[in-house]
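Please go through the structure shown here with the strand pairings and ring contacts in mind. A short report follows it.

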Amino acid sequence: PTGIPATAISAGSDFSLALTSTGSVLAWGNNNSGSLGNGTFTNSSTPVAVSLPAGTTVTAVSAGYFYSLALTSTGSVLAWGYNASGQLGNGTTASSSTPVPVSLPNGTTATAISAGFHFSLALTSTGSVLAWGDNAKGELGNGTTANSSTPAAVSLHAGTSITAISANGLHSLALTSTGSVLAW
């Protein structure tokens, strides 16, 4: 929209996201799974507003495979779209065409997010990493191959502090405070 600059972008599978300077989110493209987060399943070739809860300010976005994540100014995480593997992190496998809160553990503040193929990551303010969704190839980094529809801790070595995360198709990377890189 005219007069609303974008501050961040993310490309998903057949759809796109833009974070605006006002903390709102715009989406466009394929919406068969509710990927646009506007309460419909209608595709859009122009940006439409994601239906964020009233009073929500978003600080980061990440688009995955027909689903999206948004980090809020309060350190909570919202998710919407496809959810067959629990990648929305709300304890269900039901897709949602509007943002739903990710069930972060009590007292957890997220500082970064990354959407993979059918799994999600969140970096916490304590330097730990949470993961949820598909785990057939060990994407959640917790030593199992069982899916999780709620965030679970990635099994980091004692004393490891993470500063950045990135999820891709079926694997993840984490940058440590000492400058090393972990992968799973």
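Leu26 has Ala49 as its bridge partner in strand 4. Strand 3 (25-29) and strand 4 (44-49) run antiparallel and are joined by three bridges. Two strands count as paired if DSSP finds at least two bridges between them. Strands are DSSP runs of E with at least two residues, helices are runs of H or I with at least four residues, and both are numbered from the N terminus.

The model is a predicted one: local features need pLDDT of at least 70, side-chain atom pairs count only at pLDDT 80 or more, and totals for chains, interfaces and linings use all residues. Residues are numbered from 1 along each chain as its sequence is written, and side-chain values use heavy atoms, with hydrogens and water left out.

**Two sheets**

Strands of a sheet pair through backbone hydrogen bonds, either parallel or antiparallel.

Another open sheet has four strands in the order 9-10-11-12, and the pairing is antiparallel. Here strand 9 (110-115) and strand 12 (148-153) are the edge strands, each pairing on one side only. The twist averages 20° from one strand to the next. Five bridges link strand 9 with strand 10 (residues 119-124) in the antiparallel sense. Ser114 has Leu121 as its bridge partner in strand 10.

**Whole protein**

What does the secondary structure come to? It comes to zero helices and 15 strands. The C-alpha trace spans about 50 × 30 × 25 Å along its principal axes. A compact globule with 184 residues would have a radius of gyration near 16 Å; the protein has 15 Å, which agrees. That radius is taken over C-alpha atoms, and the globule rule is 2.2 Å times the number of residues to the power 0.38.

Buried residues make up 47% of the 184 residues. Buried means under 20% relative accessible area, exposed means over 50%, and partly exposed is in between (1.4 Å probe, protein chains only). The protein exposes about 7,900 Å², with carbon and sulfur atoms supplying 54% of it. These areas come from the Shrake-Rupley method with a 1.4 Å probe; for residues, only the protein chains shown count as cover.

Contact means heavy atoms within 4.5 Å. Among contacts between residues at least 6 apart in sequence, 42% join residues at least 24 apart.

**Aromatic rings**

A pair of aromatic rings is described by the distance of the centres and the angle of the planes. Rings of Phe, Tyr and Trp (its six-membered ring) pair if their centres lie within 6.5 Å; planes under 30 degrees apart count as stacked, over 60 as edge-to-face and the rest as tilted. The whole structure holds two aromatic pairs.

| Ring pair | Centre distance | Plane angle | Class |
|---|---|---|---|
| Tyr65 and Phe66 | 4.6 Å | 65° | edge-to-face |
| Tyr65 and Phe117 | 4.5 Å | 40° | tilted |

The pair of Tyr65 and Phe117 links distant parts of the chain, 52 residues apart. Tyr65 is in the loop between strand 5 (58-63) and strand 6 (67-72), whereas Phe117 is in the loop between strand 9 and strand 10. Ring pairs link Tyr65, Phe66 and Phe117 into a cluster.

Which of these residues are buried? Phe66 counts as buried, at 15% relative accessibility. Tyr65 is partly exposed at 29%. Phe117 is partly exposed at 31%.

**Two loop residues**

Ser33 sits in the loop between strand 3 and strand 4. Its relative accessibility is 15%, so Ser33 counts as buried. Leaving aside neighbours within four places in sequence, Ser33 contacts Phe41, Phe66, Gly81, Tyr82, Ser95 and Ser96.

Asn147 lies in the loop between strand 11 (129-133) and strand 12. Asn147 is partly exposed, with a relative accessible area of 43%. Beyond neighbours within four places in sequence, Asn147 is in contact with Ser85, Gly133, Asp134, Asn135 and Ala136. Asn147 and Tyr67 are 80 residues apart in sequence and 17 Å apart in space, C-alpha to C-alpha.

Technical notes:
Axes are lines fitted to C-alpha atoms, for helices over the stretch in contact, and angles run from 0 to 180 degrees between N-to-C directions.
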